[in-house]
Amino acid sequence: MFIVSTPKLVIAQCTSGIVGSFPALNARPASLLDEWLHEITEALAAWGREHPERPSAPFAVNQIVHRSNDRFEQDMAVCAKWRVPIVITSLGARVELNEAVHSWGGITLHDVIDDRFARKAVEKGADGVIAVAAGAGGHAGRWSPFALLQEIRGWFDGPLILSGAIANGGAVLAAQAAGADLAYVGSPFIATEEANAPEAYKQAIVDSGAADIIYSDLFTGVHGNYLRSSIVNAGLDPDDLAAGSLDTMKFGSDGTAKSKAWRDVWGSGQGIGVIDRVQPTLEFVDLLADQYAAARARLSA
């Protein structure tokens with residue numbers, strides 16, 4: 001999650017037993033990425049030595065593959081240095097990236113919003129596909145998870161992950177029942193103690209529900225889901241995001257810098273209605289596990 005995910009959250013997720021990830025672009029300046037990967041690698045190794053009965057999960061780094069990312073080559077070199085186990089790619093697919101990650105023993109997962117992009121990613125060597133369905137936080141797709149999963153699963157038997165409004169253990173089980181191997185959970189982790197988010201952002205996650213999410217391409221040029229309250233606080237009308245609103249948000253009526261996407265207009269998925277408090281990551285992961293077990297038990301009863 002852009003800005004929100006840092007080593008503190010990633011380490012907490014991995015030591016709780018789930019894959020933690022962060023965008024490489026969160027490390028700013030670029031030289032900070034090397035320090036972050038060092039910190040994460042050492043922390044997870046130490047955890048493994050101290051808890052051999054409960055090893056950590058691997059971590060992932062998200063890479064924006066689009067040609068506009070002028071840090072791409074530098075960030076990939078740092079990932080190679082630390083042999084990042086999982087690289088998640090988005091906004092483009094590159095054969096050379098997949099080959100590079102495979103050369104050090106890692107795997108690649110590619111974000112897609114439809115079947116066409118999934119096919120392109122696999123053709124270019126991605127190991128797995130992350131199906132970003134309607135309701136996902138940040139940049140999201142438009143299709144129902146059922147439609148998206150069944151189309152991709154119809155021809156692809158590799159790792160398939162579902163993203164979109166997954167915020168409790170029952171939703172994780174539902175993702176598997178629909179054809180996914182894994183579930184991709186983002187927005188609920190904004191409301192954790194380890195997340196690098198303002199307290200107001202965390203509280204907005206707790207206070208909001210699906211009806212408080214606005215789907216718009218105004219802020220970055222790519223459609224995404226954002227918290228209504230943050231759009232209001234940026235001085236815009238979420239029900240009338242007319243052309244030109246972005247300039248008003250960025251500069252204000254007096255021409256001075258005002259608000260910007262991600263920092264002030266906050267991304268969130270539609271599933272946050274079940275998030276009722278800010279809590280440590282471990283507590284939330286344990287809750288997911290309990291909810292998952294309860295959901296399975298209900299189906300077996």
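Lys-202 is buried, at 3% relative accessibility. Its salt-bridge partner, Glu-199, is exposed at 56%. This is a predicted model.

**Salt bridges**

- The count comes to nine salt bridges.
- Lys-202 and Glu-199 meet through their side chains, 3.8 Å from N to O.
- Both residues lie in helix α8 (residues 199-207), three residues apart, about one turn of the helix.
- Salt bridges with shared partners join Glu-73, Arg-94 and Glu-96 into one network.
- Within that network, Arg-94 bridges to Glu-73, with the closest N and O atoms 3.8 Å apart.
- This pair links distant parts of the chain: Arg-94 sits in the loop between β3 and α4, Glu-73 in helix α3, and 21 residues separate them.
- Arg-94 is buried, with a relative accessible area of 9%, whereas Glu-73 is exposed, at 56%.
- Arg-153 forms a salt bridge with Asp-181, the closest N and O atoms being 2.8 Å apart.
- That pair also spans distant parts of the chain: Arg-153 belongs to helix α6 (residues 145-153), Asp-181 to the loop between α7 (169-177) and β8, 28 residues apart.
- Arg-153 is partly exposed, at 25% relative accessibility, and Asp-181 is partly exposed, at 38%.

**Strand β3**

- Five of the five residues of β3 (residues 86-90) are buried, so the strand is largely enclosed by the rest of the structure.
- Ile-86, Ile-88 and Ser-90 point one way from β3, and Val-87 and Thr-89 point the other way.
- On one side, strand β2 (residues 59-64) runs parallel to β3 and is joined to it by five bridges.
- Val-61 stands opposite Val-87, and Gln-63 stands opposite Thr-89.
- β3 also pairs with strand β4 (residues 107-112), in the parallel sense, over four bridges.
- There, the bridge partner of Thr-89 is His-110.

**Crossovers**

- β2, helix α3 (residues 72-81) and β3 make a right-handed β-α-β unit.
- From β3 the chain crosses through helix α4 (residues 95-103) to β4, again as a right-handed β-α-β crossover.

**The whole sheet**

- Seven strands form an open sheet with parallel pairing, in the order β1-β2-β3-β4-β5-β7-β8.
- The edge strands are β1 (20-23) and β8 (182-184), each pairing on one side only.
- Neighbouring strands are turned by 25° against each other on average, direction ignored.

Methods: Residues are numbered from 1 along each chain as its sequence is written. This is a predicted model: local features need pLDDT of at least 70, side-chain atom pairs count only at pLDDT 80 or more; totals for chains, interfaces and linings use all residues. Side-chain values use heavy atoms; hydrogens and water are left out. Buried means under 20% relative accessible area, exposed over 50%, partly exposed in between (1.4 Å probe, protein chains only). Helices (H or I, at least four residues) and strands (E, at least two) are DSSP runs, numbered from the N terminus. Two strands pair if DSSP finds at least two bridges between them. A crossover is right-handed if, with the strands pointing away from the viewer, the path from the first strand over the helix to the second runs clockwise. Axes are lines fitted to C-alpha atoms, for helices over the stretch in contact, and angles run from 0 to 180 degrees between N-to-C directions. A salt bridge is a side-chain nitrogen of Lys or Arg within 4 Å of a carboxyl oxygen of Asp or Glu.
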